[in-house]
Amino acid sequence: MRCSVIDIGTNSIRHLICDVENNEIRQIKKDVKITRLGESVSKSGKLSNDAIARSVNTIKEYLDDAKNYEAQSIYAFATSAVRDAKNSSYFIDELLNIGLDVDIVDGETESLYGYLGASYGIKKNDVLVLDVGGGSTEFSYFKDDLIKRSFDIGAVRLTEKFIKSDPISVDEYNNIRLYVTDMLTPFIGDNEDIPRDIVGIGGTITTLAAMSQDLRIYSRELIHGYVLKKGDIKRLLDLMMSLSLNERKLLNGLQPERADIIVAGTIIVYTVLELLNCTSITVSEWDNLEGAVVEKFIRGNDCKDK
């Protein structure tokens, strides 16, 4: 069966077209577009009209793609920004008008999708899957049952909350680190069995892998399975903190549209490594898109046909 899955995130909207046969996933096409749907949600509590318009237009393109590739079933889910916004019903109605029904998933479901996708892609079992998104960060690992936790710390959310200077100031850096530490320390302290073998997913982590390799052109083959070392993350963080936004936009491996939020996202990743006393992350290109395929098309098989 050919499937289409759309992930409506805080910073980007992504689309996967794949074939599912005999519990195996074969990717046909995977796209990402930064629409910044969640801009200002943490401040205003609402999705802006411009962000909604950008996002709806992108989703229209994805639906056309799904039709052109003759996808038999479509599943769409929305995460942090949509579940937090007071006016998310308006956005959902706009999507219904173009023929798309959307599942607004909670943080635990988002964690589940991330774990399933990363573990399928990397083929590791005893791992912590870390998903640093635009609005939230998810932790998931298996210990008797699947442990799933979501925290309202994301690259867009913390940029809007803390960063006013260009380049970012030392005080802003310290404030973000302290905030992330305060958010995560109770969870980490109460769960000493968290695996120290980390598999990382999400735009911040894949971008750091691309920057670490100085990639001029993004390559999924070079990103998937790449071991991102803590020292490399710190090196990139120090570099980016020394640069203005316009200078960061010129760095290899960094999408210009992500340059304003990459510092906050990197601080989250680096702080997690420090709190867990880990020295590296294995990067996965398989993420919650593939995880949604596993949950809905393989394990549940309950997606609606078009």
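I call helices (H or I, at least four residues) and strands (E, at least two) by their DSSP runs, numbered from the N terminus. My residue numbers start from 1 along each chain as its sequence is written, and side-chain values use heavy atoms, with hydrogens and water left out. The model is predicted, with pLDDT of at least 70 needed for local features and 80 or more for side-chain atom pairs, while totals for chains, interfaces and linings use all residues.

**Entry 1: confidence**

I looked up pLDDT, the predictor's confidence in each residue, from 0 to 100. The protein averages 95, and 98% of the residues score at least 70. Over residues 302-306 the pLDDT is below 50. Beyond near neighbours in sequence, this stretch has 15 contacts in the model, a contact being heavy atoms within 4.5 Å. Where pLDDT is low, predicted coordinates should not be read in detail.

**Entry 2: the cis peptide**

I went to the loop between α6 (155-162) and α7 (170-190), where Pro167 lies. Asp166 and Pro167 are joined by a cis peptide bond, with omega at about 0 degrees.

**Entry 3: the five-stranded sheet**

I traced an open sheet of five strands in the order β3-β2-β1-β4-β5, with mixed pairing. Here two strands pair if DSSP finds at least two bridges between them. β3 and β5 are the edge strands, each pairing on one side only. The twist averages 20 degrees from one strand to the next. For such angles, axes are lines fitted to C-alpha atoms, for helices over the stretch in contact, and values run from 0 to 180 degrees between N-to-C directions.

I then followed β2 (residues 12-21), which runs antiparallel to β3 and is joined to β3 by 10 bridges. Leu16 stands opposite Lys30 in β3. Helix α2 lies across β1, β2, β3 and β4, at about 20 degrees to β2.

**Entry 4: Phe77**

Is Phe77 buried or exposed? I found Phe77 in strand β4 (residues 73-78), and Phe77 counts as buried because its relative accessibility is 0%. My cut-offs are under 20% relative accessible area for buried, over 50% for exposed, and partly exposed in between (1.4 Å probe, protein chains only). Leaving aside neighbours within four places in sequence, its contacts include Val5, Ile6, Val102, Tyr113 and Ala292. I also checked Thr206: from Phe77 it is 129 residues away in sequence and 21 Å in space, C-alpha to C-alpha.

**Entry 5: helix α4**

Which residues of α4 (residues 88-97) are buried? I listed Ser88, Phe91, Ile92 and Leu95. They sit on the same side of α4 because they cover an arc of only 100 degrees around the axis, the arc being that of the directions from the helix axis to the C-beta atoms. An α-helix has 3.6 residues a turn, so residues three or four places apart point the same way. The cover over the buried residues of α4 includes β1 (2-8), α2 (49-68), α3 (80-84) and β5 (102-104). After α4 comes Gly99, with a positive phi near 90 degrees.

**Entry 6: the six-stranded sheet**

I moved on to an open sheet of six strands, ordered β8-β7-β6-β9-β11-β10, again with mixed pairing. The edge strands β8 (145-151) and β10 (227-229) each pair on one side only. Neighbouring strands are turned by 25 degrees against each other on average, direction ignored. β10 pairs with β11 (residues 280-283) in the antiparallel sense over three bridges, and Val227 stands opposite Thr282 in β11. Helix α12 (residues 262-276) lies across β6 (128-132), β7 (137-143), β9 (198-201) and β11, at about 155 degrees to β6.

**Entry 7: Ser136**

I found Ser136 in the loop between β6 and β7. Ser136 counts as buried because its relative accessible area is 2%. Its side chain makes a polar contact with that of Glu138 (2.7 Å). I take a polar contact as a pair of N or O atoms within 3.5 Å; within protein, one must be able to donate a hydrogen and the other to accept it, and residues adjacent in sequence count only if both atoms are side-chain atoms. Not counting residues up to four places away in sequence, Ser136 touches Ser80, Arg83, Glu110 and Asp152, among others.

**Entry 8: two positive phi values**

I noted Ser40, in the loop between β3 (24-34) and α1 (41-44). Its phi is positive, about 70 degrees, although Ser40 is not a glycine. Ser40 is partly exposed, at 35% relative accessibility. Asn277, in the loop between α12 and β11, has a positive phi of about 55 degrees and is not a glycine either. Asn277 counts as exposed, at 67% relative accessibility.
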